[in-house]
Amino acid sequence: MVLVGLLAALPALAVPGDTVLHVGSKRFTESYILAEIVAQTAAPHARTEHKQGLGNTAIVLAALQNGSIDVYPEYIGTIDQEILKHDKPASLEQIQRELAPLGLGVAVPLGFNNTYALAVRGDTPGVRSLSDLAAQANLQFGLSHEFIGRADGWPGLRQRYHLPQQPRGLDHGIAYEALAQRQVDVIDIYSTDAKIGRYGLKVLEDDQGYFPRYDAVLLYRLDAAKRFPAAWAALQQLEGKISATDMIAMNGAAELQGQPFAAIARDWLSKSSAQPMPAKDAGPATERHLSDVLFAPDLGRLTGQHVLLVALSVLLACLVGVPLGIVAAYRARLRQGVLGVTGMLQTIPSLALLAMLIPLLGRIGIVPALVALFVYALLPIVRNTCTGLAGVPRGLQQAALALGLSRWQRLWHVELPLALPVILAGVKTAAVMSVGTATIAAFIGAGGYGERITTGLALNDNAMMLAGALPAAALALVTQALFELLERRFVVRTGRA
């Protein structure tokens, strides 16, 4: 109840305003770029906000349904088979009819088809089509986690082509490098990936026609078109404007030349009334100095968001965890239950917890991120509170009792002060852990250093990932140093050596 009450006091941080058109994107290059095009197209007609890299289809769809975002770029094949769970391709009219009861619609075909495919190295012998893979059981598959789990991905593909291989889960951002380094032999790709030509890959023919079309469209809330009529009219002008050649060139500008997503979108929009962008070789990847990325203008904003997430989550964990630790210390029958539940919560995978919290709380952003971080911070605080109180010498407890102190007076004036160094050590552990765990907040649009890490993963940009990881590491060191200073002050004040 304490947690719920405190979260309710954060409406300005948690609830998106009706006056802002929120554009979402998934965590891969093309989705970032298309969302930027959408946001910049609508910007002259409405206030816009791009919530970047919200994760996989399930997370972005949940954000759309609960109103945390209003529109995001999607693909017909994904809507058809992954969202609506159709076994066979449905017509656009049927898709529209089934989306309408959900308050959603699909519109603005952008002009290109970005289908799934499998690819191998160009020197891989004896493999030209997907059917050839059935006779190559020794090939190592490295497939993206979403593709492995999608209804229109690996399960159906394996059944259609009778493939004997067992794939390894691999982030799409690093799959090309893993293939080039011969750590895997087969990866899933998007047909508009810029790195296909760069790495000289062989795209395998889908000779049995398994993959449906993945025409890029906008999936949107029906009320968004009514709330932002001028912006929606502008977005409809994008219909048919982006060719596959354009998209490959824009992906290449991001992945091979290191250009920012916003700049790529702005450049395309400035040229969109002219000829399509040429599909030229993007040249060698542009090397950026780590210092340039590390001290980019967004460092202050990301630091503020990260510190806010850590501070609030640890504060909430203290408000709940210390009382729970007291209960565990003085109620032996409840001790194992309290410690067991908090320990179990610690084992829930972070992304799974976030995916569950979005529909439960009805929003993305800071509130589900705070709940997740609060859950992970509980265990060290509860355990150390219980341990610290259990370690208070019995003689001191008996002396306090002989002085006539009540139960609460003994706890407040004797036992908690003596246990405080141990409790602070638990809070310090929770805070340092939270600094690292808070990077997951970027997956649901809550900001922090994770924004840089997720972008770096999407682009396989080591400098960008380091620019997110290094400030997080520095903040963890600062947090630990501050708590050690605090512990020393209390040790001196209580006279304990």
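**Close-up views of a predicted model**

**View 1. Strands β6 and β8 lie side by side in parallel.** Strand β6 (residues 141-143) runs parallel to strand β8 (residues 186-190), and 2 bridges join them. Phe 141 faces Val 186 of β8. Strands are DSSP runs (E, at least two residues), as helices are (H or I, at least four residues), both numbered from the N terminus. Two strands pair if DSSP finds at least two bridges between them. This is a predicted model: local features need pLDDT of at least 70, side-chain atom pairs count only at pLDDT 80 or more, and totals for chains, interfaces and linings use all residues. Residues are numbered from 1 along each chain as its sequence is written, and side-chain values use heavy atoms, without hydrogens and water.

**View 2. An open sheet has 5 strands.** The order is β7-β6-β8-β5-β9, and the pairing is mixed. β7 (168-169) and β9 (201-203) are at the edges. Each has a single partner strand, so one side of each lacks a neighbour in the sheet.

**View 3. The largest cavity has a volume of about 100 Å³.** A cavity is a set of points on a 1 Å grid over the protein atoms alone, where a 1.4 Å probe fits but cannot get out; lining residues have an atom within 4 Å of a point. Grid points are joined across faces, edges and corners, and the volume is the space filled by probe spheres set on the points. The count is 3 cavities of 30 Å³ or more. Residues lining the largest one include Lys 26, Phe 28, Glu 146, Arg 150, Tyr 190 and Tyr 214. By class, this lining has 5 nonpolar, 3 polar and 3 charged residues. Ala, Val, Leu, Ile, Met, Phe, Trp, Tyr, Cys and Pro count as nonpolar, Asp, Glu, Lys and Arg as charged, and the others, Gly among them, as polar.

**View 4. The second largest cavity holds about 60 Å³ of space.** Its lining is His 172, Gly 173, Tyr 176, Asp 193, Lys 195, Glu 255 and Ala 458. Helix α9 (residues 172-180) gives the most, with 3 residues. The classes are 2 nonpolar, 2 polar and 3 charged.

**View 5. Cys 318 and Cys 386 are too far apart for a bond.** The sulfur of Cys 386 has its closest cysteine sulfur 16 Å away, in Cys 318. A disulfide is a pair of cysteine sulfur atoms within 2.5 Å. The whole structure has 0 disulfides. Cys 386 counts as buried, at 8% relative accessibility. Buried means under 20% relative accessible area, exposed over 50%, partly exposed in between (1.4 Å probe, protein chains only).

Key:
On a 1 Å grid over the protein atoms alone, a cavity is a set of points where a 1.4 Å probe fits but cannot get out, and a pocket is an open set with protein on both sides within 12 Å along at least five of seven lines; lining residues have an atom within 4 Å of a point.
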